[in-house]
Amino acid sequence: TFCISAPRRAYGDGLGGWSLFAPPYALHERTSPLPSFGMLGRLVKRVRALRGRGVSTLPLLAVAHERGDVSPYSPFSRLFWNELFVDLEGVPHVVPLVDSESREIDLPAWSRAHWRALEQVRGQTSSEAHASLEPHVVPDLDRYAAQRASGGPIWLSPELVRFAQLRARAQMATLGAEGGLQLDLPIGVAADSFDVARWPALFLEGLSVSPVPHPVAYTR
């Protein structure tokens, strides 16, 4: 069935003004060529300081980069944030991840180095700091962490995924509280995603909305 549903009006608060769109991979700073939630937050503050309304960007949802997935529109879950954007707060990456000439990001290398750096951060985090993350625990977090780690590299443990997700949720909570950030939302998830495995009756498989590199399932 070919269907077009065009809205009769655009909704907004009527304030007008300007805002900025920036995909996360386009962000870099002198101290870090790789994007993070912290970098995005600093960009939002800068835009607001210049009297802009805020920053819109691509979906920041969980994507299983370690297994070759890259599209933010084919996420591993629409319930959890992308751990690759967790701000490491000064922990250096161990390999060169960005070609200084082309500005291309070596995504597989970034994913490996980032998870290993997160493991380093987890090992250095005090018990009190671990406890401070517990308010960000949400239903199905442990299920998600277990499925995300299964079939992945040996160093990707459920405990590491859980820790990374809690840090991601804490950092995104700070971003949300400050306001000015607008996110896109994918209408589907990867066919072998956590969401489909958790609630299979809620999804249709084999439906194509646009060409995608991997099978996508869409909500019924």
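**Entry 1: D140**

I began with D140, which counts as buried at 18% relative accessibility. I take buried as under 20% relative accessible area, exposed as over 50% and partly exposed as in between, with a 1.4 Å probe and protein chains only. I note that the model is predicted, that local features need pLDDT of at least 70 and side-chain atom pairs pLDDT 80 or more, while totals for chains, interfaces and linings use all residues. Residues are numbered from 1 along each chain as its sequence is written, and side-chain values use heavy atoms, with hydrogens and water left out.

I placed D140 in the loop between α3 and α4 (141-149). Its phi is near 70 degrees, a positive value in a residue other than glycine.

**Entry 2: the chain as a whole**

I then listed the secondary structure and found six helices and six strands. Helices (H or I, at least four residues) and strands (E, at least two) are DSSP runs, numbered from the N terminus. Along the sequence I read the pattern β-α-β-α-α-α-α-β-β-α-β-β.

I looked up the burial of the chain: of its 220 residues, 41% are buried. The exposed surface comes to about 12600 Å², of which carbon and sulfur atoms supply 55%. Accessible areas come from the Shrake-Rupley method with a 1.4 Å probe, and for residues only the protein chains shown count as cover.

I also checked the sequence range of the contacts, where contact means heavy atoms within 4.5 Å. Of those between residues at least 6 apart in sequence, 68% join residues at least 24 apart.

**Entry 3**

I traced an open sheet of three strands in the order β1-β2-β3, with parallel pairing. Its edges are β1 (20-21) and β3 (181-183); each has a single partner strand, so one side of each is left without a neighbour in the sheet. Two strands pair if DSSP finds at least two bridges between them. β1 and β2 (residues 55-57) are joined by two bridges and run parallel. In that pair I found F21 opposite S56 of β2.

Which helix lies across β1, β2 and β3? I identified α1 (residues 37-49), which runs at about 145 degrees to β2. Axes are lines fitted to C-alpha atoms, for helices over the stretch in contact, and angles run from 0 to 180 degrees between N-to-C directions.

The 13 residues of α1 should span 18 Å, and the end C-alpha atoms are 18 Å apart, which agrees. The buried residues I noted in α1 are F37, G38, M39, L40, G41, V44 and V47. Their cover includes β1, β2, α5 and β3. An α-helix has 3.6 residues a turn, so residues three or four places apart point the same way.

**Entry 4: R51**

I followed the chain past α1 to R51, whose phi is positive, near 70 degrees. R51 sits in the loop between α1 and β2. Is R51 buried or exposed? I recorded R51 as exposed, at 76% relative accessibility.

**Entry 5: T125**

I located T125 in the loop between α2 (107-124) and α3 (127-133). T125 is buried, with a relative accessible area of 17%. The T125 side chain reaches the backbone oxygen of V121 at 2.6 Å. Leaving aside residues up to four places away in sequence, I found that T125 touches H130 and F163.

**Entry 6: helix α5**

I examined α5 (residues 158-178), which has 21 residues. From its first C-alpha to its last α5 reaches 30 Å, close to the 30 Å expected at 1.5 Å a residue. After α5 comes G179, whose phi is positive, near 75 degrees.

**Entry 7: the antiparallel sheet**

I traced another open sheet of three strands, in the order β4-β6-β5, with antiparallel pairing. β4 and β5 stand at the edges with a single partner strand each, so one side of each is left without a neighbour in the sheet. Neighbouring strands of this sheet are turned by 35 degrees against each other on average, direction ignored.

I checked both pairings. Three bridges join β4 (residues 188-190) to β6 (residues 216-219), and β5 (residues 203-205) also pairs with β6 over three bridges. Which residue of β6 is the bridge partner of V189? I found A217, and E205 likewise stands opposite A217.

Definitions and conventions
The expected span of a helix is 1.5 Å times one less than its number of residues. A polar contact is a pair of N or O atoms within 3.5 Å; within protein, one must be able to donate a hydrogen and the other to accept it, and residues adjacent in sequence count only if both atoms are side-chain atoms.
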